[in-house]
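The points below may be read alongside the sequence and the coordinates.

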Amino acid sequence: MKHIYLPIIAILLIGFFNSCDKDFLKEPVKSYRLEQTIEIRKKQVPESIGLSIPPAKNFNFEVQMLPKWMKLRKMKGHFLNGVAQLEIESILPEFLMDNEINNASIVIYVEGWAQLQIPIQFKNLNPPSISLSAMSIDFKETNHFDLDILNTSDGEELSWEITQIPKWLAANILNGRVYPSNGQAVTLNVNRSGLEEGNYNGEIVFANNSLTPEVTINVSMQVVRKVNTSVAIEGEVIDAEFNKKNDKLYILTKNPNRFMEKEGANGKTYALELPHPPSCMNISEDGTKAIIGTQASQFIVIDLNTKSNKAIPIENTAFDVALDNDFAHFSLIHDDNPAQIRTLNLKTETISKTQEGRHNIYESTMLKKVPGKPLMVGSRKGISPSGILLFDIKNGICNNTVNYWHQSIYPFWFSEDGTKIFSGYSKVFNIPEFNENPPYHMDDLLTKGILSSNNSGEAVSALVHSTNNKRIYLCHEVYNSENSSTLEVYSDESYTLEEKLEIPPYYIVENGNSKVVPTLAKYLFISKDDSTIWLLKTTKDQWGNASNKWLLDEIRIK
């Protein structure tokens, strides 16, 4: 049964004297008007209205006045110990104004006490209707959720209040009012600080003035704390190489300016602090020398056996360098146009240049010596196409004759045996023989394969080849800011994708919980026994670009 129980207490009453009809009362009586209004809503009509007056005594009463839209079962009754009921028989809609709030009063004469005036209103509106945009929320590893509270009614305004919420969850607002056919957003925020690992469940209860006075949604979240397996590299990685002869990894950084020799990800490390920010690096094929270009227009040459070093000045900052025994071939970051390839004799510390005016050579040219051959390949950064330049270096200095193909490969890598070029566009080419008398226009090199699962020539960010494993390991560029690189494995014969290997995720603690940070692979190397991949990666910023947080992973492949 539905009732309205209305306690009438002194502080809610306004007393006044009034003369009543002399046929009803012989003398004037004290009258009271209730400050609180009884509200009756459409589709929520109670069966009775409960009354309570301060004198807890027995009185007879008679209803003197009613709204014309209300009908009671009885117009007379009794207060028993100060309590009585007005039983509602019906509401007469023909006397109500549609889509309006109808105000009126009930007047009761309580024999031997007072006359009572009770304000009453009937809201002839469709009641509010609450709808939530989600009835269950699993926060998993996220921290926020925007919940919409909707009033789908076209009648009354919706009032709501959160009366229950888990301690680990907070709402930016706890109550509100929503106009008909409107909504209100509530942001829920998780606080995992100080919580133990595990799963947490709870409820949010919304009390409201709709026909469903309480609406409950289930909420859950997890507290997970992961351990990183990646080794942090201090500073920004400028260059990195691996030498299979001595099975060591070399990393060049700035801020701090440092050259590092590492025996694997967690092995012994030798570090040399550099006097100036570095620009490039190369390790000799036999693993005995390192050469480092710096922004102070110099090279630092390191004997990797004795760890002794010396500085050799050059005319500008080197962009890239390729070592061949006692000769270092290099390009500059800024050079004349057309540019030249320079050769530094490490013994005499003299520099020679290719002839001026050689076409197709630009500043900021990437240079790599072909493994086991007196050849060097170059490709130009920031030029389209980047070109393929083949240099003859068998006499130590760089031959003035340049073989050029008008194709893009930048950046590029070699097969371990020095027979193939793997381009930054997933294409595979054979390394051609050097032509002493090349024609003005060289026919394009034929593509031998495409290292892409969808055969689209995706951009490659890192690559390494293993002759023993007959596999090519690579990572493609990932432009989506939320995704990390994937390590793909291709056959070096058919160039087909054979498997994908998981790169260890990197976690940070945010709001007491471990969160995966997307990473981008930039360098790949394989150990001397071809059993382990070393992968240098960087975290990604909100736009998907590499940031300056560098990490080294060790991935066992057999």
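**Notes on the predicted model**

1. Basis of the note. The structure discussed here is a predicted model, and residues are numbered from 1 along each chain as its sequence is written.

2. The largest nonpolar core. This core has 27 residues, and the members that touch the most others are Met-70, Leu-86 and Ile-108. Two or more residues come from each of strand 3 (29-34), strand 4 (38-41), strand 5 (48-52), strand 6 (59-65), strand 7 (70-72), strand 9 (83-91), strand 10 (101-110) and strand 11 (114-123). With five residues, strand 11 is the element that gives the most to this core.

3. The surroundings of Leu-86. Which residues is Leu-86 in contact with, once its neighbours within four places in sequence are left aside? The contacts are Glu-47, Ser-48, Ile-49, Leu-51, Phe-61, Val-63, Leu-72, Ile-106 and Ile-108. One of these, Ile-108, is named together with Leu-86 among the core residues that touch the most other members.

4. Aromatic pairs. A search of the whole structure gives 12 aromatic pairs. In one of them, the ring centres of Tyr-32 and Trp-113 are 5.3 Å apart and the ring planes are at 20°; the pair therefore counts as stacked, since planes under 30 degrees apart are classed in this way. Tyr-32 belongs to strand 3, whereas Trp-113 sits in the loop between strand 10 and strand 11, so the pair ties together parts that are 81 residues apart in sequence. Tyr-32 has a relative accessibility of 17% and so counts as buried, because the limit for that class is under 20%.

5. A further stacked pair. The rings of Tyr-250 and Phe-259 have planes at 20° and centres 5.8 Å apart, so this pair is stacked as well. Are the two partners buried or exposed? Tyr-250 is buried, with a relative accessible area of 0%, and Phe-259 is likewise buried, with a value of 0%.

6. An aromatic cluster. Five residues, namely Phe-242, Tyr-523, Phe-525, Trp-534 and Trp-550, form one aromatic cluster.

7. Strand 34 pairs with strand 35 in the antiparallel sense over five bridges; Thr-365 has Arg-380 in strand 35 as its bridge partner.

8. Positive phi outside glycine. Ser-181 has a positive phi, near 60°, although it is not a glycine. This serine is in the loop between strand 17 (175-178) and strand 18 (182-190), and its relative accessible area of 55% makes it exposed, because the exposed class begins over 50%. Asn-255, also a residue other than glycine, has a positive phi near 55°. Its loop runs between strand 23 (248-254) and strand 24 (258-262), and at 59% relative accessibility Asn-255 counts as exposed.

9. A buried aspartate in a loop. Asp-335 is located in the loop between strand 31 (327-332) and strand 32 (342-345). With a relative accessible area of 16%, Asp-335 is buried. A polar atom of its side chain lies 3.1 Å from the backbone nitrogen of Gln-340. Apart from neighbours within four places in sequence, Asp-335 is in contact with Gln-340, Arg-342 and Glu-363.

How values were computed. Predicted model: local features only at pLDDT ≥ 70, side-chain atom pairs only at ≥ 80, totals over all residues. Heavy atoms only, no water. Helix = DSSP H or I, 4+ residues; strand = E, 2+ residues; numbered from the N terminus. Buried < 20%, exposed > 50% of the residue type's maximum accessible area, 1.4 Å probe, protein only. Polar contact = N/O pair within 3.5 Å; in protein donor to acceptor, adjacent residues only side chain to side chain. Contact = heavy atoms within 4.5 Å. Core = buried A, V, L, I, M, F, W, Y, C linked by side-chain atoms within 4.5 Å. Pairing = 2+ DSSP bridges. Phe/Tyr/Trp six-rings, centres within 6.5 Å; stacked < 30°, edge-to-face > 60°.
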